[in-house]
Every structure is written in structure tokens, then in C-alpha cells.
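Let's take a walk through this model together, one stop at a time. Have the viewer open and follow along.

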Amino acid sequence: MSGTASEKELIGTGLKKRTEEALTNDFLRKAVAFTTDKLKTAKLQVTDDFGHWEDWRERGRQIRKHVVEHLDYYLTQFTDNVSKAGGHVYFCQTGDEAVKTFMEIAEKRRAKLVAKGKSMVSEEIHLNRHLEERGIEAIETDLGEYILQLAKETPSHLIIPAIHKNKQQIADIFSEEAGETFAPETKVLAKYAKQRLRNYFLEADIGLTGCNFGVAESGAITLVSNEGNGRMVTTLPKCHVVVMGMERLVPTYDDLEVVLNLLARSATGQKLTTYTSMITGPRREGELDGPEELHLIVLDNGRSAQLGDPVFQEVLHCIRCAACLNVCPVYRHVGGHTYGSVYSGPIGAVLTPLLQQDMKEAGQLAYASSLCGACHEACPVKIPLHDMLVQLRARKVRLGLTPLAERAAFKTFQTMFGNVTLYKMATKSAYYMMKPFVSKGVIKKAPGPAAGWTQSRHFPMKPKLSFRDRWDTLQQELKQRGGRSEDGAARGQAVPGRGKADGSGKGGGRHE
Ligand code: SF4
């Protein structure tokens, strides 16, 4: 990513502070939980109705795996076809290169106004900021993105960028912009946004979009949207620029059918997104609409570094549906801004450190997970995100990037668990060390580094006798009584769950 040093610093260093702020923001938590619940429920319903969901997931996984394993082939095929259809293709290794390429196109067209469709890749390269610095106005035309642009915020969800805002907040934003008061009603607010945006579509020098999927066999750029702004942006301005991640390809239209089914159902619980557009080259002679020029910027920005990696290559299978965000207990509590990166939720926690190749700051995101595996379950292309998060943590440890106190603690554990005497001494002394902090059998406020644990739950008191102590005591008692069984039960006594061990076989128990 073309994030500056300060942005990288913010990701890890500010994570704790942002988390604390989000956790005390009841409105945010309720808003995010409400919408993600709706999306989750809709997805379950629609996948249930669809049937054979697991087969579709497996097919989707195979398609994405095949493309990523043969990315050089499909990228060549796709871009050759885009060129044959009259498009101009640029390969950019970094975000800065992509920005530079866009600026050169904008300069040639003497562009003053850019109308943008939804594009996470343009967020990734911070294109709006660069355009602003050059005095080029960029207008977000996706409703959620438009709201956030007016509020000077970044998206907090891949699909629903303004997930953390309610109607009243949106009405306030629009009222301030328009200088008149709007009622917090969907129809009123949508009408205002439509009126405002219509002129931008007509006046824009360049329309900019992302690309959901490029179809290699034809060079078609596929865009899905629920608002129709994508069609305006790609047909009304005379120049259309597409910024796409290099891995967003499918080989054929048959494969496209599979991934579109997976995407719409997993993202919003729809059978199909309202508008699915396929753009193959600029306007041809005799056609009534479409741009005069089509430019395709293919962005690497850390993606190719994952190719061939036995653990992380699969992250390139992602189709950006956000299903993993909707089920993640961490995301649902803190929302997207807490992550401090363009990509949030489980996929963001994996993707950001890998794309930025920055384990120190961005690598902190690997800890923003409970490792429950819900993301993997929800992922329509079965990316094992929870395993990757563990592997990222391991990488951080191997690079010596964990705090000194943490390293010292684990070193101590290692020594203790590797020596029986030390282990016994430590487990015995733990009881006495905990005792001063115990009230009614639990520790409600732990001291030092353990304080974080008891902020939201109690820590149970360790029993005075360890299991080993109790086991030894039991063995001695049995010996004194004159006999023992392998199960630790005296001859003639019942073994729980096994019936009576008296040789009678009653209760179905195994005989000693
Ligand atoms: S990782 Fe899977 S669930 Fe998450 S956005 Fe990507 S495709 Fe969707």
C-alpha cells in the first residue's frame, strides 16, 4: 500500500486506543451489530433457499485457486483482450505508481472533476487525497461513500461503507451540506443525494471505478452495484479509468456465474446484485453510449509477494464480499475504523500486514481476532483466515517483534513447562500468589499485566490442590485401603459411568 509512515504507525500503535473508544461508543456498537445481523440472516436464508451451498463454495474455491495459481496466464489473456477491445492497460507495482499513472491520464484529459464509483483499490492507494493535492475534485457517487466523503470519513465496511451511521446522522450531514434541514427519512435523503450527484455524472471529465471481476476470455470488466451509479460513471464521462487488484480475475463467463452467485448471496443476502455491468472496451462506432477512452490500471501493491507462499497465497482468493466481517465477534463490537486500515475485519487483519509488508505496525491486526473460526465458516471461497491469523502471529514472534515483557513471559513459561520440579513449584505457589486478590472465589481486579483480563470478566481462583496433588493423595488412600484399580478406583467400588467393577458385568462396565 502506499500508506505513509505515519499511517503505518497508526495501525498498530493506535489499535488499543481506537478499540477502547469503540467499546464505549454504544451507538456504534448497536448500529454495526444491527446491520451485520441483518446481513447475516439474509445470507443464511438465501443460501438455504439456493441449496447445495457447500458445493457452490467448493466450486468457488477451486475457481479462485486455479486463477491465482495461473495468474500470469490469465492476466496476460485478460489484458490482451482488453487491449484488443480498444482499452489501454497499465501494470503498476506500487500504489504510488498507480497514482502517477492516473494523474498522467487526468493531465492529458485536462481533468478537473472525477466521478467515482465504489472502489476499495482507490481507497488502498489513497487516490482522493492525491487528487485533492493536485486540485482535481473527486466525487464519490456510491451513496454510502458520498455520505462519508461529506463527513470526511473513510469506509468502515467493505460493502456498507457507512454502516456506523443512522438516518439522523445522515440527515445532519446532508443538512449541513445543503444549508437546509432534511427529515431523517430514506426517501428524502436519497432524493437529495440523487439530485446532487446527477450533475456530477454529466460534468465529470473522468469516471473511475474498481473491477469486481475481469473475465479473461473476453476482457470484460464486471461491476456489481445496487445503486446504478456504476452505470452512470462508466457511460456518461468521456473517459473511464478502472483500477483493479491484479488477482480479481475469472477465466470464463461460466466461472463468473459461480462467483457472482457467491458474492451477491454472501455480501447482502441477494440472489443477484441489482446491477451487473460488463464493460468490454470503450464505445465503438455506432454505439450510443460509453466512454471514448477506457484505461485499465492493474495494481500489484504487495499482492505478487503472496504468490507461491504456502500459507498466505490463498488470501488472494478473496472476492471482497465482507461475509467474514459480518460474523466476526471482534468486528461486530468495534466496527471498521478501529482497525485503522482500509480493509477491516478478519480479511483486513490478514491482508493489511501482507500488502504493506509491515509486521511491526500492521502486523498488530493479527491480534484483533478471537480465532473462533467464524470467518472461515462464512467465507464463500473457504479462505482459512483464522489459520492465517495464527501464522501471522507466529511470524511476528519469529521476527522478534513482540513486546519484551511478552517474550520474557513466554520464555519463563517455556522453562517452567520443561522442568517438572519448577512446574510443581510454580503451580503450588500460584495459589498463594493469587490469594490476596481473591474475593468470593474469583479475582475481580487483577494486578499488573493481568488487569486487562479482569476488565470484562472474573478470573477463577486456582484450587489449593492441583490435579496431580489430588491424584497422588487418592492413590495413597487406595493403597492404604489395600487395593487399587487401573482406573484409580478401589476394588468393588463403582467407577462413574462404568457400572460396578465387581466382575458381575452389571451396568455394561469393562472387567478389571
Ligand atoms: S475473506 Fe472470504 S468472507 Fe472475507 S471478504 Fe474475502 S471472500 Fe468474503
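Is Q357 buried or exposed? Q357 is exposed, with a relative accessible area of 57%; on this scale buried means under 20% relative accessible area, exposed means over 50%, and partly exposed is whatever falls in between, using a 1.4 Å probe on protein chains only. Before going on, some ground rules: this is a predicted model, where local features need pLDDT of at least 70, side-chain atom pairs count only at pLDDT 80 or more, and totals for chains, interfaces and linings use all residues. Residues are numbered from 1 along each chain as its sequence is written, and side-chain values use heavy atoms, with hydrogens and water left out.

Back to Q357, which sits in the loop between α16 (345–356) and α17 (374–378). Helices here are DSSP runs of H or I with at least four residues, strands are runs of E with at least two, and both are numbered from the N terminus. The backbone of Q357 has a positive phi of about 50 degrees, although Q357 is not a glycine. H126 is another non-glycine with a positive phi, about 55 degrees. You'll find H126 in the loop between α7 (120–124) and α8 (127–133), and H126 is buried, at 18% relative accessible area.

Next, the ligand. It is surrounded by 13 residues, and the closest are C318, C321, A322, C324 and C379; a residue counts as near if one of its heavy atoms lies within 4 Å. The shell splits into 12 nonpolar residues, no polar ones and 1 charged. In that scheme Ala, Val, Leu, Ile, Met, Phe, Trp, Tyr, Cys and Pro are nonpolar, Asp, Glu, Lys and Arg are charged, and the others, Gly among them, are polar. C318 is buried at 8% relative accessible area, and C321 is buried at 6%. As for disulfides (cysteine sulfur atoms paired within 2.5 Å), the structure holds 0.

C324 deserves a stop of its own. This cysteine is part of helix α14 (residues 323–327) and is buried, with a relative accessible area of 8%. Leaving out residues up to four places away in sequence, C324 touches P346, I347, C375 and L385, where contact means heavy atoms within 4.5 Å. C324 and S266 are 58 residues apart in sequence, yet 9.2 Å apart in space, C-alpha to C-alpha.

Now look at T268, in helix α13 (residues 253–268). T268 counts as buried at 19% relative accessibility. Its side chain makes a polar contact of 2.6 Å with the side chain of Q270. Such a contact is a pair of N or O atoms within 3.5 Å; within protein, one must be able to donate a hydrogen and the other to accept it, and residues adjacent in sequence count only if both atoms are side-chain atoms. Beyond four places in sequence, T268 touches L39, A42, I159 and N226.

Finally, the sheets. Two strands pair if DSSP finds at least two bridges between them. Strand β5 (residues 213–215) pairs with β8 in the parallel sense over 2 bridges, and G214 stands opposite L249 in β8.

Another open sheet has 3 strands in the order β11-β12-β13, with antiparallel pairing. Its edge strands, β11 (438–439) and β13 (459–460), each pair on one side only. β11 is joined to strand β12 (residues 442–443) by 2 bridges, and V438 has I443 in β12 as its bridge partner.
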